[in-house]
Amino acid sequence: MANKKQPVITHVEILCRAIRSVEEELKSKTAFMGGIPECETALSVFVNEQRQKLDALKEMYRIETGTNYD
């Protein structure tokens, strides 16, 4: 019987890395573009799009693990 290999990366780890990536991108763009009046609209659109992705990823994490990401 062949030995079952452990996965190099799990679904949960992928979700955690994706969540952290989106959070860091939000933080970075907000720090860079925040306070610049010309960027307010673009930043608002970006934040709304990323928040939707973040919410979806956190919901996927909850479904996968049975616990909230926070």
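The following legends describe close-up views of a predicted model.

Residues are numbered from 1 along each chain as its sequence is written, and side-chain values use heavy atoms, without hydrogens or water. Because the model is predicted, local features require pLDDT of at least 70 and side-chain atom pairs pLDDT 80 or more, whereas totals for chains, interfaces and linings use all residues.

**View 1. The largest nonpolar core.** Nine residues form this core: Leu15, Cys16, Ile19, Val22, Leu26, Phe46, Leu54, Leu57 and Tyr61. A nonpolar core is a set of buried Ala, Val, Leu, Ile, Met, Phe, Trp, Tyr and Cys residues joined through side-chain atoms within 4.5 Å; buried denotes under 20% relative accessible area, exposed over 50%, and partly exposed the range in between (1.4 Å probe, protein chains only). Helices H1 (11–33) and H2 (40–65) each contribute at least two core residues, and H1 gives the most, with five. Helices are DSSP runs (H or I, at least four residues) numbered from the N terminus.

**View 2. Helix H1 and its cover.** H1 comprises 23 residues and spans 33 Å from its first C-alpha to its last, close to the expected 33 Å (1.5 Å times one less than the number of residues). Met33 is among the buried residues of H1, and H2 is included in what covers them. Just after H1, Gly35 adopts a positive phi of about 85°.

View 3. Gln50 lies in helix H2 and counts as buried because its relative accessibility is 7%. Apart from neighbours within four places in sequence, Gln50 contacts (heavy atoms within 4.5 Å) Val22, Glu25 and Leu26. With the same exclusion, Phe46 is in contact with Glu25, Leu26 and Lys29.

**View 4. Salt bridges.** The whole structure holds four salt bridges, each a side-chain nitrogen of Lys or Arg within 4 Å of a carboxyl oxygen of Asp or Glu. Within H1, Glu13 and Arg17 are four residues apart, about one turn of the helix, and their side chains meet at 3.0 Å, N to O. Arg17 counts as partly exposed, since its relative accessible area is 47%. Lys58 and Glu23 pair at 3.8 Å, N to O; this pair links distant parts of the chain, with Lys58 in H2 and Glu23 in H1, 35 residues apart. In H2, Arg62 and Glu59 lie three residues apart and form a salt bridge at 2.5 Å, N to O. Arg62 is partly exposed at 34% relative accessibility. Salt bridges with shared partners join Glu23, Lys58 and Asp70 into one network.
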